[in-house]
Amino acid sequence: MSDINADAWVSSGHRPMGFPEFVVVIASIMALNPLAMDMMLPALPNIRSAFAIADANRPQMVLSIFLVGFGVGQFIMGPLSDRFGRRPVLLGGMTVYTIAGLLAIMAPSFETLLLARALQGLGTAATRVIATSIVRDCYAGRRMASVMSLAMMVFIAVPVIAPSFGQAVMLLTHWRGIFVVLMVYGVIALAWSALRMPETLPDELRKSLAIPEVLSAFRQTVTNRQTLGYALAAGGVQGSLFAFVFSSQQIFTEIFKLGHYFPAAFAAAAVGVAIAGFLNSRIVGRIGMRVISHAALTGFAVVAAVLLVAVKTQTLSLALFMALAALMMFAFGLMMANFTALAMEPQGRIAGTASSLYGTITTLLGIGIGTTIGQDYDGTLLPFATGFFLCTLAALAVVLVTEKGRMFRPHHHPI
């Protein structure tokens, strides 16, 4: 993008930053969440050894408790930012994230580490919710879509490289070094945002935190058939993904004996999400959200069925598992963006609150499912394959009910 083109895109809402700097800052603060999640994957065996944890599945809580903080945080960050403005909530959340990083570095026990991780998740809820709100404050229509797509390229790429980055850090130091890196990154992002990011929500557009108004918005969100249906379906699909992430280190190192090559295998599978995101941005305008997401959900179910059959018949090779994992990620990438857009479609007047509640429902439901499946890991792929298949059938049933039995209906409204 040339400087001339960039200047033409600048919104007065985020001056003094130009367009390129604005996109980089938004992408940087959005990246806090996936970095803090996926850099930890290679460290789980070391954390287990450091705290002498007997249960092999218990270190997964380092991931799940982080997501609990993230899910609960989304519930409160949207309404708070609508009332007090974007800047104080964003900087407050990033400060909590940084302090939590320091607590994790010094954690004397596994329980203290889990507390730090919950606080990290809470802090990244602010960065995720507020980043989206800031973009919405400054841009609309195609410009907003362009900013978000550029930022999401970073957001999607991070999970692909983060485990390898975490592995690299552990080659130079021990597992606490990952928290040092995360804290330093958080301090840099906080300082940059504090110095350069202005308040983007004018006083006259701020909303009340009066209980009746908030409850009314929540009620409007959960009583809408389309919003609730796609939130539940997204939660079920996300549960499958979380189960894969929580169990991935054990699956790749214990079942397939990949050792230090685990991050590379994880990255190869995760590339499917990035490809799906790019493809979706190119075709959704022509084909529509329902057709794409329903086809992806159907494909997700086929992948789940093939995996379960292969596990049951003991014919699952590493090559087949990698292919199925990549297809699972690809289908997930096509579903989530469209499920979110479909859920938000009827909620234009309360988009901020509805978005927060949607994020909370999908994240917490996904964590509950993913943790249940992950904790059932028994040295084989049977618990994951069974849980994946059941989650997918449930999501398919919810979408069928939501759409009153009519799948693949083209989307005729403007996108």
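**Notebook: core, cysteines and a helix pair**

I looked up the largest nonpolar core in this predicted model and found 133 residues, with F22, I26, L113 and F339 making the most contacts inside it. Helix α14 (residues 318–344) gives the most to this core, 15 residues. A nonpolar core here is a set of buried Ala, Val, Leu, Ile, Met, Phe, Trp, Tyr and Cys residues joined through side-chain atoms within 4.5 Å. Buried means under 20% relative accessible area, exposed over 50%, partly exposed in between (1.4 Å probe, protein chains only). Helices are DSSP runs of H or I, at least four residues, numbered from the N terminus.

Residues are numbered from 1 along each chain as its sequence is written, and side-chain values use heavy atoms, without hydrogens and water.

I checked I26 next. Beyond its neighbours within four places in sequence, I26 contacts (heavy atoms within 4.5 Å) A131, I134, V135, A151 and M197.

I searched for disulfides (cysteine sulfur pairs within 2.5 Å) and found 0. C138 counts as buried at 10% relative accessibility, and C391 is buried at 9%.

C391 is one of the α16 residues that meet α11; among those on the α11 side are Y230, L232 and F244. Helices α11 (residues 225–255) and α16 (residues 382–402) pack at about 170 degrees, axes 9 Å apart. Axes are lines fitted to C-alpha atoms over the stretch in contact, and angles run from 0 to 180 degrees between N-to-C directions. I therefore noted α11 as roughly antiparallel to α16 (over 145 degrees).

How values were computed. Predicted model: local features only at pLDDT ≥ 70, side-chain atom pairs only at ≥ 80, totals over all residues. Helix = DSSP H or I, 4+ residues; strand = E, 2+ residues; numbered from the N terminus. Parallel < 35°, antiparallel > 145°, perpendicular 65-115°, else oblique.
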